[in-house]
Amino acid sequence: MPELPEVETVRRGLQPAMEGVTIVRAETRRKDLRFPFQTDFVARLEGQVVTGLGRRAKYLLADLASGDVLLMHLGMSGSFRVIDAAGAAAPGDFHHRRNEGRAHDHVCFTMSSGVEIVFNDPRRFGYMKVVAREALDDEPLLRGLGPEPLGNEFDAAMLARSCRDKKTSLKAALLDQRVVAGLGNIYVCEALFRARLSPRRLAATLALKTGAPSERAERLVAAIHDVLNQAIKAGGSSLRDHRQTTGELGYFQHSFRVYDREGDKCRTPTCKGTVRRFTQNGRSTFWCPGCQT
DNA sequence: CGGCCGCCCTGGTGGC
DNA sequence: TGCCACCAGGGCGGCC
């Protein structure tokens, strides 16, 4: 579920509940998520003021007054919900009692405001880790991440440079978090469609022989920007159970042009093609062979 | 080392 | 209705 737009949506949902607020109590309801919790996980959180909530690629980073940073990753199925002091999980919602607990509620933060923040993750591919801020540059989970796709340094020249010596497909290159950090299967498919580039095309063809970016690289960067910005504006995509922290659904899935549309008509007005699906590096690729070359 | 595969885990869906 | 195979948004370790 969570690619960059979904994680950014979660960050914006959690920010008012966390920033400037103290974690009074941190509770882990099992010994591990993807990895075992650190033995001092709870101790390093309790009593700490969250001074800021940021994002790097698909990671959330909560800065703590102690100088530690709480790293959080949603994996495939992780979500947060914010329960206010009255017990409502969403405005006007009085059906959810505090501490009621649902299946797969694994972590609960009780904030000094009375708000509870609950992390739920059925598949447990998500994880949390507390790291000293000065050790963040050496943190294995973050080291090696490529540029933020919406950041200033990510442009056609940079993308072409990091792809020019690759032997792999454009699809695989864009899913490689070292090339650009935060895209997943959905937004890679959508960006390639919008840039009219085939997922099978060699990544190296983003660079000219001189090493300069091809016009394709310019188109691709613009398409990545567009699709991510539009998805963030829509509150992300809700496939299956992804929700915002309020429980509301994002609605960008209605704007998909190829993802999950196998057999449907291509949405390019002048194209009579059909959306196709095939497996690439073990994952589904959706594309229109009529539009994408 | 680059690239690819298998796997971690649970749940929903679609076919029979 | 029940059962089962298959699929899913991520990313790591290990293998070639």
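Two strands count as paired if DSSP finds at least two bridges between them, and this definition is needed for the first exercise on the predicted model shown above.

**Exercise 1.** Determine how strands β9 and β10 pair, and find which residue of β10 is the bridge partner of Arg-276.

*Solution.* Begin with the extents: β9 covers residues 276–280 and β10 covers residues 283–287. Next, take Arg-276, whose bridge partner in β10 is Trp-287. Finally, look at the connection, where two residues lie between the strands of this hairpin, and where Asn-281 in the turn has a positive phi of about 50 degrees.

**Exercise 2.** Describe how helix α3 crosses helix α6, and name the residues through which they meet.

*Solution.* Two packed helices are described by the angle between their axes and the distance between the axes. The axes of α3 (residues 156–163) and α6 (residues 215–233) come within 9 Å and cross at roughly 115 degrees, which means that α3 is roughly perpendicular to α6. The crossing of α3 and α6 is right-handed. From α3, Ala-156, Leu-159 and Ala-160 meet Ala-217, Glu-218, Leu-220 and Val-221 of α6; by class, the residues of this contact are six nonpolar, one charged and no polar.

**Exercise 3.** Characterise the surface near DNA strand B by residue and by class.

*Solution.* Twelve residues lie around DNA strand B, and those that come nearest are Pro-122, Arg-123, Lys-166, Lys-167 and Thr-168. Sorted by class, the surface near DNA strand B has five charged, four nonpolar and three polar residues.

Definitions and conventions: Residues are numbered from 1 along each chain as its sequence is written. Chains are lettered from A and ligands numbered from 1 in the order in which they are written. This is a predicted model: local features need pLDDT of at least 70, side-chain atom pairs count only at pLDDT 80 or more; totals for chains, interfaces and linings use all residues. A residue is near a molecule or strand if its C-beta atom, placed from the backbone, lies within 6 Å of it. Ala, Val, Leu, Ile, Met, Phe, Trp, Tyr, Cys and Pro count as nonpolar, Asp, Glu, Lys and Arg as charged, and the others, Gly among them, as polar. Helices (H or I, at least four residues) and strands (E, at least two) are DSSP runs, numbered from the N terminus. Axes are lines fitted to C-alpha atoms, for helices over the stretch in contact, and angles run from 0 to 180 degrees between N-to-C directions. Angles under 35 degrees count as roughly parallel, over 145 as roughly antiparallel, 65 to 115 as roughly perpendicular and the rest as oblique. A crossing is left-handed if the near helix is turned anticlockwise from the far one by less than a right angle, and right-handed if clockwise. Two residues are in contact if their C-beta atoms, placed from the backbone, lie within 7 Å.
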